[in-house]
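Take a look at the sequence and the fold shown here.

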Amino acid sequence: MANPLVSIIVPVAGIIAASVGKKAAETGWGVVFGEDAPTTKSQKAAKKDVAARRKQAKKDGASKAEIQAIKDPDDDQPVWKLMLWTLVSGVLLQGLRTAAQRGAKTGAERLTTRRPRPNRG
């Protein structure tokens, strides 16, 4: 029978490791490449920004060619950067999450298991 404390601690450790790892990966990406990491959230924000700029240009009376010239900067992103981010955000973060869960499981089991009384002869 599994200890209920262990069954609570293990998923929480995985969630915490994933969030900390994601923040570290995004920060590291910014340091290395000098730009925001290509996360889903940043891609959605960039698309919204481009749509707003196009809409504003249309209101200002820009020509169709000028409106079409407004492009999403993520479209110019090299494929290798997207592949690298996929590797970092998928494989490495999953490994970190798994390691944290295993460590939390062994640590919690070690703390909660009953130890025999010392032999005081």
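**A walk along the helices**

Just after H1, Gly34 takes a positive phi of about 70°. Helices here are DSSP runs (H or I, at least four residues; strands are E, at least two), numbered from the N terminus. This is a predicted model, in which local features need pLDDT of at least 70 and side-chain atom pairs count only at pLDDT 80 or more, while totals for chains, interfaces and linings use all residues. Residues are numbered from 1 along each chain as its sequence is written, and side-chain values use heavy atoms, with hydrogens and water left out.

Start with H1. It has 30 residues, which at 1.5 Å a residue should span 44 Å. The end C-alpha atoms of H1 are 44 Å apart, in agreement with that. The expected span of a helix is 1.5 Å times one less than its number of residues. Now take H4. This helix has 34 residues and reaches 49 Å from its first C-alpha to its last. That is close to the 50 Å expected at 1.5 Å a residue.

Buried means under 20% relative accessible area, exposed means over 50%, and partly exposed lies in between (1.4 Å probe, protein chains only). In H1 the buried residues are Val6, Val10, Ala13, Gly14, Ala17, Ala18, Gly21, Ala25 and Trp29. What covers them includes H4. In H4 the buried residues are Lys81, Trp85, Val88, Leu93, Ala104 and Ala108. These residues of H4 pack against H1.

Which residues make up the largest nonpolar core? It has five: Ala25, Trp29, Ala37, Trp85 and Val88. H1 and H4 are the elements that give two or more residues to this core. A nonpolar core is a set of buried Ala, Val, Leu, Ile, Met, Phe, Trp, Tyr and Cys residues joined through side-chain atoms within 4.5 Å. In soluble globular proteins, nonpolar side chains tend to be buried together.

Ala37 is one of the core residues. Ala37 touches Glu26, Trp29, Ser42 and Trp85, leaving aside residues up to four places away in sequence. Contact means heavy atoms within 4.5 Å. Thr39 lies in the loop between helix H1 (4-33) and helix H2 (40-59). Is Thr39 buried or exposed? Thr39 is buried, because its relative accessible area is 12%. Apart from residues up to four places away in sequence, Thr39 touches Glu26 and Trp85.

Val12 is found in helix H1. Val12 is partly exposed, because its relative accessible area is 41%.

How many salt bridges are there? The count comes to two. A salt bridge is a side-chain nitrogen of Lys or Arg within 4 Å of a carboxyl oxygen of Asp or Glu. Glu35 forms a salt bridge with Lys81, with the closest N and O atoms 3.3 Å apart. Glu35 lies in the loop between H1 and H2 and Lys81 in helix H4, so the pair ties together parts that are 46 residues apart in sequence. Glu35 is partly exposed, at 26% relative accessible area. Lys81 is buried, at 12%.

Arg53 forms a salt bridge with Asp49, and the closest N and O atoms are 3.4 Å apart. Both lie in helix H2, four residues apart, about one turn of the helix. Arg53 is partly exposed, with a relative accessible area of 38%. Asp49 is partly exposed too, with 39%.

Finish at Asp72. Asp72 sits in the loop between helix H3 (64-69) and helix H4 (79-112). Asp72 counts as buried because its relative accessibility is 7%. The C-alpha atoms of Asp72 and Asp49 are separated by 8.5 Å, though the two are 23 residues apart along the chain. Not counting residues up to four places away in sequence, Asp72 touches Ala46, Lys47 and Val50.
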